Amino acid sequence: MQNKSTDVLVLGAGIVGLSAALKLQERGRDVVLVDRAQAGAATSFGNAGLIERSTVFPYAFPRDLKTLFAYALGRRTAAHYHWRALPALLPWIWRYWQHSSPALYPQAIAGALPLIEHSWSEHQPLIAAAGIQDLVNERGWIKVFRTQESADQSLAMAEQSRHYGVQAHALTAAQMWALEPAVKTGVLGAVHYPDARQIQDPQALSTAYLKLFEQRGGRLVQGDARTLQAQAQSWSVQTDEGLLHATQAVLALGPWGEDMARQLGYHLPMGRKRGYHMHFQASAPALKHTIVDVENGYAIAPMRQGLRLTTGAEFALRDAPATPVQLERIEPMARSLTALGERVDTQPWLGSRPCTADMLPLVGSAPRHPGLWFSFGHAHHGLTQAASSGRLLAELMCGETPYIDPRPYRVERFSA
Ligand SMILES: Cc1cc2nc3c(=O)[nH]c(=O)nc-3n(C[C@H](O)[C@H](O)[C@H](O)COP(=O)(O)OP(=O)(O)OC[C@H]3O[C@@H](n4cnc5c(N)ncnc54)[C@H](O)[C@@H]3O)c2cc1C
């Protein structure tokens, strides 16, 4: 390697780290990305690809007894638990439950909103500069419902979303089939959210962002973030190319960020909601939109690799063996919704959404470590918020006036 020192080390080359690195470069910073694996190969590899300008309501923990019992008894496919993991997860779940209360939940909505509102406008210039507009499906996504109870809830949520400037079109079943002929019968109605964009190959997005970063003079180096050390006025990390120094370092380690923060003495109320995907061969008529089956808690996204079926949340330890029971249960449901061909992948993909108790990411300086910054905990919307939170982080690190209020994302809200 040419230089043993740089301005900024970004630890973690998932979509969050890559986006932050690009936004820092735009401000003239010399940046090196450090990852133990390839760019975008962890959580950012396997999501549903939605840049979710339409979802302004973070995923709250259910508080009504009917839903809680249904989950506890395994009657809903949207969530699955490893019972033996619950004691370890309980401190996080307890605080998550508290932050989901009618008193506190509005803070989560207000906090997430600026990152959602700017999600596409911050990704779009990067996508244009990377020359990958063909990866973007601009049709939005469709939430389908099969029961009157679900219809009432979905239409009420659509109405609330409109108050936040989101387009949400209620569709009868006939209107839905006119828009999306690939959905089979058995649907009562739907809501179309046209503002969202869908990336038809999230890994290709990460690869293209990395290429753009390298074209602009950045480089990705293999290394282990756990070797991060504070030096006098700088940070160092051990890489394949030797010890690398920088005046500033960013932890963009997704579901591993909490471990690294704990190593530095920050105890954060965080957990991971694991999720699975499987690709299926597509058949005619081709699915044009991502479809969310709201009663059963899964999405089907048209991808370059085929139709990607993604699951809801699994509450388990991050590194516990895979238990893709949700995938097994939703596959027949998804087959009744649209034509799925043969399975394409030999094994289900498994990833972990990094989730804070208050449903907001950590984007800001580490209170007790000058020059160290956090950017992780983006939960269900890390692809969505990667570029908008990356811009915020870059502005804060460069001493600029932030374009949105940074206070909801400060590390101090959990750990001073
Ligand atoms: C099933 C599923 C569907 C989803 N759908 C969507 C969606 O449609 N839209 C959306 O916005 N979000 C979605 N998400 C969430 C989204 O994928 C994540 O929030 C996002 O990918 C997190 O990105 P990240 O860069 O923070 O983490 P990651 O992509 O996990 O990146 C972290 C990086 O850190 C590296 N790393 C970890 N430890 C070390 C170490 N010790 N040393 C060096 N490197 C290390 C890893 O190798 C990795 O590259 C979904 C998630 C799942 C599971």
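In this predicted model, the ligand is surrounded by 29 residues, the closest of which are Asp35, Thr43, Ser44, Ala379 and Thr384; a residue counts as near when one of its heavy atoms lies within 4 Å. Residues are numbered from 1 along each chain as its sequence is written, and side-chain values use heavy atoms, with hydrogens and water left out. Local features need pLDDT of at least 70 and side-chain atom pairs count only at pLDDT 80 or more, whereas totals for chains, interfaces and linings use all residues.

From the backbone, a polar atom of Ala379 lies 2.7 Å from an oxygen atom of the ligand. The protein covers 97% of the 1,000 Å² of accessible area that the ligand has on its own, as calculated by the Shrake-Rupley method with a 1.4 Å probe.

What does the shell around the ligand consist of, by class? There are 12 nonpolar, 12 polar and five charged residues; here Ala, Val, Leu, Ile, Met, Phe, Trp, Tyr, Cys and Pro count as nonpolar, Asp, Glu, Lys and Arg as charged, and the others, Gly among them, as polar. Helix 1 (15–25) and helix 11 (382–397) each supply at least two residues of this shell, and the largest share, three residues, comes from helix 11. Helices (H or I, at least four residues) and strands (E, at least two) are DSSP runs, numbered from the N terminus.

Strand 8 (residues 189–193) is largely enclosed by the rest of the structure, because five of its five residues are buried, that is, under 20% relative accessible area, with exposed meaning over 50% and partly exposed in between (1.4 Å probe, protein chains only). In a regular strand the side chains alternate between the two faces of the sheet. Accordingly, Gly189, Val191 and Tyr193 point one way from strand 8, and Ala190 and His192 the other way. Strand 8 runs antiparallel to strand 6 (residues 141–145), joined by five bridges, and Trp141 stands opposite Tyr193. Strand 8 also pairs with strand 7 (residues 169–172) in the antiparallel sense over four bridges, where pairing requires at least two DSSP bridges; here Ala170 faces Val191. Strand 20 (residues 349–356) has seven of its eight residues buried and pairs antiparallel with strand 14 (residues 270–282) over eight bridges.

Side chains of opposite charge can pair when their charged atoms come close. The model holds 22 salt bridges, each a side-chain nitrogen of Lys or Arg within 4 Å of a carboxyl oxygen of Asp or Glu. In one of them, Arg391 meets Glu122, with the closest N and O atoms 2.8 Å apart. Arg391 lies in helix 11 and Glu122 in helix 5 (residues 119–130), so the pair ties together parts that are 269 residues apart in sequence. Is Glu122 buried or exposed? Glu122 is buried, at a relative accessible area of 9%, whereas Arg391 is partly exposed at 22%. Both belong to a network of salt bridges that links Lys23, Arg27, Glu122, Arg391, Glu395 and Glu400. Another salt bridge joins Asp259 and Arg318 at 3.0 Å, N to O. Asp259 is partly exposed at 26% relative accessibility, while Arg318 is buried with a relative accessible area of 15%.

Notes. Polar contact = N/O pair within 3.5 Å; in protein donor to acceptor, adjacent residues only side chain to side chain.
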